Amino acid sequence: MMLQRKNRLRALSLGAVAVSGALALTACGTDDTGKAGGSSQAANAGSVKCDNAKGQLLADGSSAQKNAIDAWVKQFSQACGVQINYKGGGSGAGVTAFNQGQVAFAGSDSALKPEEVTASKKVCKGGQGIDLPMVGGPIAVGYNVPGVDDLVLDAPTLAKIFDSKITKWNDAAIKKLNPKAKLPGLKIQAFHRSDESGTTDNFTKYLKATADWKYEGGKAWQAKGGQAASGSAGVAQGVKQNPGAIGYFELSYAKDMSTVAIDTGAKAPVKPSVESATADIAAAKVVGTGKDLSLQLDYATKAEGAYPITLVTYEIVCDKGNKPDTLPATKAFLNYIAGEDGQKVLSENDYAPIPAEIIGKVRTTIAGLN
Amino acid sequence: MDIKTQTTDAPPPTPQPAVAEQKRAARGAGRPGDRIFLGLSRGSGILLLVLMAAIAVFLTYRASLAIGQDHGNFLTTFEWNTNLNPPVFGIAVLAFGTVVSSIIAMALAVPVAVAIALFLTHYAPRRLRGPIAYVIDLLAAVPSIVYGLWGALVLVPHMQGLYGWLDTYLGWTGVFSWDGGAPRAMLTVGILLAIMILPIITNVSREVFRQVPRMHEEAALALGATRWEVVRMSVLPFGRSGVISASMLGLGRALGETMAVATVLSPSYDIQASLLDPGGGTFAQNIASKFGEATEQGRDALIASGLVLFVITLVVNGAARAIIARRKEYSGANA
C-alpha cells in the first residue's frame with residue numbers, strides 16, 4: 001500500500017509540474033504581445049536625456065497610473081539602463097513608503113494631506129514632499145443594456161442610480177435624457193469597487209460636487225446597495241457579464257463596452273476620451289503652495305467637450321533633500337515623463353496628458369529639485 | 001497506513017512496558033542520538049508554543065490600539081470606515097458572513113466527501129479508485145485564486161438558473177428570495193468553498209475508512225449484513241471521530257479562505273436576510289480587499305478583525321476536540 005501511494009504522489013507531482021509549466025508558458029505569451037504592442041518605443045528611446053542617471057529606483061503607489069508608469073519605464077530603462085521598480089501597491093501604500101524613506105518617489109491619486117506633508121519633513125532633509133501632476137485620466141461609466149448604444153446621463157441621475165434610488169432602466173428620469181432610446185424594464189445593477197480606490201474617491205467627489213450625494217467621500221465606497229467587485233478589472237468584467245449593469249472605471253478598461261455620455265450642461269453631451277479629459281484638467285486650478293502643484297479639478301464644468309469625471313494622479317517627491325544617490329535618476333525620469341515624448345506615451349495608453357500650462361510648471365519644478 | 005497517526009485523533013493507549021521505556025528516553029539516558037533527538041523534538045514543541053504566543057501577542061497589541069480608537073461598537077457595528085474622523089468599524093457583518101458561508105460549505109461538502117470516501121473504499125471497482133483519488137488530490141493542489149477566477153467567470157453566470165429555481169419554490173422562506181441581481185452572494189461563495197474543501201475531507205475520511213479492521217467488516221458480513229449495513233454499523237461508527245477531524249480541517253480552510261471569496265462575493269457592510277442577495281463579507285476577504293490602501297489605523301483595525309477570526313478558529317477547534325474526545329470509545333484505538 002505504501003508503494004501504491006508513492007506512485008500516486010509521483011504521478012501527482014508530475015501532473016502539477018505539467019500544469020504549472022503550462023501556466024508559466026502562457027504568462028510568457030501574454031508578456032510578449034505586450035512588448036510587441038509598444039512599437040513606437042525604439043523611435044522614442046533616442047530622445048530620452050539620461051544625464052547622470054544610474055542605479056536602481058524604487059517607487060510605489062497608485063495602481064491607477066501603473067500602466068502609464070510601466071510604459072514609461074520600458075522606454076526609459078531601455079535608453080538609460082536605469083532599473084525602475086514601481087510596485088503599484090496603492091496610493092496609501094505609496095505615501096506610507098515615501099514617508100518612511102523607502103522609495104525615491106511615490107504615485108498617488110490624491111494630493112498629500114497636511115499631516116502627511118508634516119511627516120514627509122523627516123525624510124526630506126530641509127524640505128518636504130510635493131505633488132507633481134503627471135497623469136490624467138477619464139473615469140468612464142460603462143453600461144450593459146441590450147439594444148441601447150448611446151446613453152446620456154447627467155450627474156443627478158447618476159447619483160440616484162448609484163444610490164439605488166433609480167432601480168429600473170425605463171425610469172422616467174433616464175427616459176427624459178434619452179427620448180429616442182428603447183429602454184427596457186430591466187433591473188439596474190450598479191457596480192462599484194469593493195477595495196479602497198482613488199477611482200472611487202474621484203467618482204464620488206464628482207457626484208458630491210454636482211449632485212445630491214449625501215455620503216462622505218473617500219476611497220471606500222459608502223452607499224448601500226448595488227454590487228461590489230474588486231479592482232477596475234473586476235468592475236468592468238461585472239458590467240460585461242450582467243445585462244442591466246453599470247459601473248465606473250478608467251477608460252482603458254472600457255474596451256468593447258458602451259460608455260455613458262455625460263450631460264454637463266454644455267451644448268452636447270460629452271463622451272469620455274483622452275482629449276475630453278485633458279480639456280477638463282486645463283480648467284483645473286493649482287491649489288498647492290510653494291513648489292507643490294496639487295490641482296483642484298472643476299467637476300461642475302460646463303465647458304464644451306470637457307469630460308467632468310476625471311482623475312489626476314501625482315508623483316510625490318521631496319522638493320529639497322532627496323537622497324543624493326537616487327536624485328539624478330529620479331530627476332532624469334521625471335524630466336522624461338513630464339517632457340513631450342513622455343506625455344505622448346500617455347494618450348497611446350488611454351491616459352490623458354496634462355495640459356501645457358500645468359505641465360510647464362511641473363517641468364520648472366523638476367529642474368529645481370535637489 | 002502511513003498517516004494512521006495523523007488521522008485517528010486518539011493516541012493508542014500505551015502498553016505498560018512502553019511507559020517505562022519512554023520515561024527512560026525522556027530522561028535522556030540513552031545514547032547521544034537519543035539525547036539529540038530528544039532535544040530537537042522538545043525544541044520544536046516549544047517553538048510551536050512560542051510561535052502561537054507571538055501571534056496572539058502581536059494581534060492583541062495591534063488590535064487594542066485600533067479598538068481604543070473605534071467610535072462604534074467593535075462587535076456590533078455594521079460599518080467599516082477607518083478613514084473617518086473618528087473612525088467607525090465593527091465586525092458584525094464579517095463574523096456573520098464568515099460563519100454562514102462556512103456552514104453552507106460544510107453542509108454541502110461533508111456529505112459528498114463522506115460519500116466519495118465510502119465509494120472509494122467500499123464500492124468502487126479497483127480500476128477506478130486510483131484515477132478518482134488522483135483527481136481529488138489535484139483538486140486540492142489548485143490555488144485558491146484559480147478557484148476565484150473560475151468562480152467569477154464560470155460559476156457565477158451559471159448560478160442564475162439555480163437561483164431562479166430556488167426563488168420560485170423556496171422564495172417564500174425569505175432565505176432563498178432573489179431579486180434577479182448577479183448571483184454574487186453567500187450561497188455562491190458557500191458552494192465554491194464546498195468545492196475547495198472537498199478534497200481534504202475526502203482524503204482524510206478515505207484514510208480513516210481504510211483503517212476499519214477487516215475483522216469488523218467480515219464479522220458483520222458473516223452475520224448476514226448487506227454491504228450498506230456493514231458501512232452503517234461498522235465503518236461509519238468506527239470512522240466518526242476521524243470524519244469529524246477531517247471536517248474540522250476543511251472548516252479551517254473555509255473560515256480562512258480569502259482570494260476566492262474576494263473574487264466571487266459582492267461585499268457590503270450589511271447583512272442580507274436572503275442567502276441569494278449580494279452583500280455581506282468575511283474576515284479574510286475584508287482584510288484582503290482593504291489592506292492595500294489602508295492607513296496605519298486601518299491596518300490595526302484589520303488586524304483586530306483578524307484577531308476575532310483567530311479566536312473563532314480556536315473555539316471551533318476546541319469544540320471539535322471536545323466532540324472527538326466524547327466519541328473516543330468508537331475510535332480505532334479500541335478496535
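## Basis

In this predicted model, local features need pLDDT of at least 70 and side-chain atom pairs count only at pLDDT 80 or more, while totals for chains, interfaces and linings use all residues. Residues are numbered from 1 along each chain as its sequence is written, chains are lettered from A and ligands numbered from 1 in the order in which they are written, and side-chain values use heavy atoms, with hydrogens and water left out.

## Contact between chain A and chain B

Chain A puts 31 residues into the contact and chain B puts in 34 residues (contact means heavy atoms within 4.5 Å). The area buried between the two chains is about 2,800 Å², and carbon and sulfur atoms give 48% of that area. Buried area is the accessible area (1.4 Å probe) that two parts lose on being put together, summed over both.

Seven residue pairs are in polar contact between chain A and chain B, both residues being at pLDDT 80 or more. A polar contact is a pair of N or O atoms within 3.5 Å; within protein, one must be able to donate a hydrogen and the other to accept it, and residues adjacent in sequence count only if both atoms are side-chain atoms. On the side of chain A that touches chain B, the elements giving two or more residues are helix 1 (2-37), helix 4 (91-99), strand 6 (189-193), strand 7 (227-229) and helix 9 (231-241). Helix 1 of chain A gives the most, with six residues. Helices (H or I, at least four residues) and strands (E, at least two) are DSSP runs, numbered from the N terminus. By class, this side of chain A has nine nonpolar, 14 polar and eight charged residues. Ala, Val, Leu, Ile, Met, Phe, Trp, Tyr, Cys and Pro count as nonpolar, Asp, Glu, Lys and Arg as charged, and the others, Gly among them, as polar.

## The salt bridge across the contact

One salt bridge is counted between chain A and chain B (a side-chain nitrogen of Lys or Arg within 4 Å of a carboxyl oxygen of Asp or Glu). Its partners are Lys187(A) and Asp179(B), with the closest N and O atoms 3.3 Å apart. Lys187(A) is partly exposed at 26% relative accessibility, and Asp179(B) is partly exposed at 45%. Here buried means under 20% relative accessible area, exposed over 50%, and partly exposed in between (1.4 Å probe, protein chains only).

## Disulfides

There are two disulfides over all chains (pairs of cysteine sulfur atoms within 2.5 Å). Cys50(A) is joined to Cys80(A), S to S 2.0 Å. The torsion about this S-S bond is about -85 degrees, so the disulfide is left-handed. Cys80(A) is buried, with a relative accessible area of 16%.

Cys124(A) is joined to Cys318(A), S to S 1.9 Å. This link is also left-handed, with -65 degrees about the S-S bond. Cys124(A) is buried at 0% relative accessible area, as is Cys318(A) at 2%.

## Salt bridges within the chains

Over all chains, the structure holds 14 salt bridges. One of them pairs Asp163(A) with Lys165(A) at 3.0 Å, N to O. Asp163(A) is buried, with a relative accessible area of 11%, whereas Lys165(A) is exposed at 54%.

In chain B, Arg210(B) and Glu207(B) meet in a salt bridge at 3.7 Å, N to O. These residues are three apart in helix 7 of chain B and so are separated by about one helical turn. Arg210(B) is partly exposed at 32%, while Glu207(B) is buried at 2%.
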